[in-house]
Amino acid sequence: MLEIPFQGIDLYIFDVHTTIRPLTFNNCLQERFRFLVEPAAYRKTYLDAKSTLTKSFDVHPLSQHAQTKNHFWKNYLNLFSEGAPDVWQMQAPFVCSLRQPIVTLADDLGFTGSIRPRIYVSALGWSTSLSIHLRGEIHLSALLDFILGLIGTRGKSGLRFDGQAANISFVFRGLAERLLEEVYDKAHPPKTGAPQVPRRMVISLSKFEGTPLHYKKTLDRKGMSSEEQALLHSLLRGEEIGVKDLAQKLRSPSATVVRFEPDADFMLIYFEYGALVFMQRTARLKDKRQRSLTCFSSNTCAYAIMIWTLFHFYHGTVNTSNEAVKAMRQQVRANLAAMKDKYLSSADTTRDSVQFGKAFFKNNTDLKKIFEESA
């Protein structure tokens with residue numbers, strides 16, 4: 001695997017900011033965006049499916065296709081009902097799409113690529129997301145160089161913001177500044193400080209022609225070498241890890257490995273970093289099933305963004321005395337509880353991105369604590 005190039009790799013990189021101020025003081029939002037904290041107006045704006053334009057963004061609801069066909073959004077929005085979902089109760093986000101391509105990839109990557117930035121915004125806060133799709137003959141060592149460049153820890157960044165080289169932090173900060181200026185009210189900012197969830201990444205090794213290898217070898221099957229395992233952890237953690245350091249690195253923070261037996265397919269999850277998806281059987285195909293791996297990783301990212309958004313809003317409002325925030329907090333807890341019940345009841349044999357949600361609710365200590373508390 002170290003020597004065999006991949007033909008397709010998908011990266012989804014995001015952060016999460018939660019805030020309670022707009023629910024308490026709607027002057028944190030510009031007047032035409034105050035529907036974001038008003039239940040009836042939120043529902044109506046979603047139903048109307050119209051865009052609101054700013055200098056930088058086209059702000060609009062999730063598309064009808066996303067609401068009814070997308071694996072994650074279709075199931076999330078209908079957790080409580082098979083009828084028309086209550087988008088306010090579920091905090092279905094509005095999407096801020098850039099009107100001009102100010103975030104791009106460099107021309108000299110050594111492979112082709114495309115990037116799609118967007119911001120998801122709701123009454124709970126916002127999440128900036130970059131969807132990057134790489135195609136060509138890409139060795140994992142080159143992918144590591146690309147990722148370390150994006151982070152800003154080694155070499156040059158393959159990202160461009162307004163034509164200038166920029167790392168992920170700079171891009172996220174630049175997009176947030178535009179959001180705060182054009183959607184929120186600059187004189188009454190909704191929050192200050194760092195995001196509740198800094199950079200997280202979902203990596204999908206989506207297309208390759210190598211021999212499938214199980215994450216770990218056993219007496220009766222082939223598996224990855226220590227060098228190959230170290231490289232996968234390096235990609236996800238955003239640091240170069242040698243074989244001699246791997247065991248120590250895996251102690252803290254520890255990773256969760258979701259295996260899709262009997263095939264060699266697996267998902268490597270760190271709650272502190274993100275997830276690496278390697279559905280090897282499907283990645284070797286040459287049909288729409290292989291192309292569907294882009295949807296698999298996109299859905300995995302949507303699971304992560306929504307779970308983290310709900311969790312951090314709930315966690316950050318424990319001492320609130322505001323009635324609107326209290327109501328939203330209970331609503332958020334109900335959403336998390338419904339997600340937990342649905343995901344934990346899914347079969348282990350289910351071969352889709354719901355396994356990320358299941359692993360999250362099964363293994364994340366902080367998330368489990370919510371359900372140990374009284375409602």
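A pocket, as the word is used here, is an open set of grid points with protein on both sides within 12 Å along at least five of seven lines. The model in these views is predicted.

**View 1. The largest pocket.** About 680 Å³ of space lies in this pocket. It has 35 lining residues, and those closest to its centre are Asn 70, Trp 73, Arg 118, Tyr 120 and Ser 298. Seen by element, two or more lining residues come from each of strands E1 (6–18), E3 (57–61), E4 (94–98), E6 (112–122) and E7 (125–138), and from helices H3 (64–68) and H12 (293–316). H12 gives the most, with 9 residues. By class, the lining holds 16 nonpolar, 17 polar and 2 charged residues.

**View 2. The second largest pocket.** The volume here is about 320 Å³. Of 18 lining residues, Asp 15, His 17, Phe 172, Arg 173 and Pro 195 are the closest to the centre. E1, helix H6 (140–151), helix H7 (168–182) and strand E10 (197–208) each give two or more residues to the lining. H7 supplies the largest share, 7 residues. The lining divides into 9 nonpolar, 4 polar and 5 charged residues.

**View 3. The largest cavity.** A search of the whole structure finds 3 cavities of 30 Å³ or more. The largest cavity holds about 60 Å³ of space. Among the residues that line it are Phe 14, Arg 200, Tyr 270, Phe 271, Trp 308, Phe 356 and Phe 360. At least two lining residues come from each of E10, strand E13 (274–278), H12 and helix H14 (354–363). The classes are 9 nonpolar, 1 polar and 1 charged.

**View 4. The sheet of 10 strands.** The strands form an open sheet in the order E2-E3-E4-E6-E7-E1-E10-E13-E12-E11, with mixed pairing. Strand E2 (52–53) and strand E11 (256–259) are the edge strands, and each pairs on one side only. E3 and E4 are antiparallel and pair over 5 bridges. In this pair, His 60 stands opposite Val 95 in E4. Helix H2 (39–48) lies across E3, E4 and E6, and runs at about 55° to E4.

**View 5. Strand E7 and its partners.** How many bridges join E6 to E7? There are 11, and the two strands run antiparallel. Pro 117 stands opposite Leu 130 in E7. A hairpin through 2 residues joins E6 to E7. E1 also pairs with E7, antiparallel, over 10 bridges. There, Leu 11 stands opposite Ile 132 in E7. In E7, 11 of the 14 residues are buried, so the strand is largely enclosed by the rest of the structure.

**View 6. The sheet of 3 strands.** This open sheet has the order E5-E8-E9 and antiparallel pairing. Strand E8 (159–161) pairs with E9 over 2 bridges. Arg 160 stands opposite Ala 165 in E9. H7 packs on the sheet and touches E5 and E8; its direction makes about 30° with that of E8.

**View 7. Two cis peptide bonds.** Most peptide bonds are trans. The bond between Ser 252 and Pro 253 is cis, with omega about -5°. Pro 253 sits in the loop between helix H9 (243–251) and E11. Another cis bond joins Glu 261 and Pro 262, with omega about 5°. Pro 262 is in the loop between E11 and strand E12 (266–270).

**View 8. Two residues with positive phi.** Most residues other than glycine have a negative phi. Ala 49 has a positive phi of about 55°. Ala 49 lies in the loop between H2 and E2. Gln 91 also has a positive phi, near 50°. Gln 91 is found in the loop between helix H5 (87–90) and E4. Is Ala 49 buried or exposed? Its relative accessible area is 55%, so Ala 49 is exposed; exposed means over 50%. Gln 91, at 1% relative accessibility, counts as buried.

Methods. Residues are numbered from 1 along each chain as its sequence is written. This is a predicted model: local features need pLDDT of at least 70, side-chain atom pairs count only at pLDDT 80 or more; totals for chains, interfaces and linings use all residues. Side-chain values use heavy atoms; hydrogens and water are left out. On a 1 Å grid over the protein atoms alone, a cavity is a set of points where a 1.4 Å probe fits but cannot get out, and a pocket is an open set with protein on both sides within 12 Å along at least five of seven lines; lining residues have an atom within 4 Å of a point. Grid points are joined across faces, edges and corners, and a volume is the space filled by probe spheres set on the points. Helices (H or I, at least four residues) and strands (E, at least two) are DSSP runs, numbered from the N terminus. Ala, Val, Leu, Ile, Met, Phe, Trp, Tyr, Cys and Pro count as nonpolar, Asp, Glu, Lys and Arg as charged, and the others, Gly among them, as polar. Two strands pair if DSSP finds at least two bridges between them. Contact means heavy atoms within 4.5 Å. Axes are lines fitted to C-alpha atoms, for helices over the stretch in contact, and angles run from 0 to 180 degrees between N-to-C directions. Buried means under 20% relative accessible area, exposed over 50%, partly exposed in between (1.4 Å probe, protein chains only).
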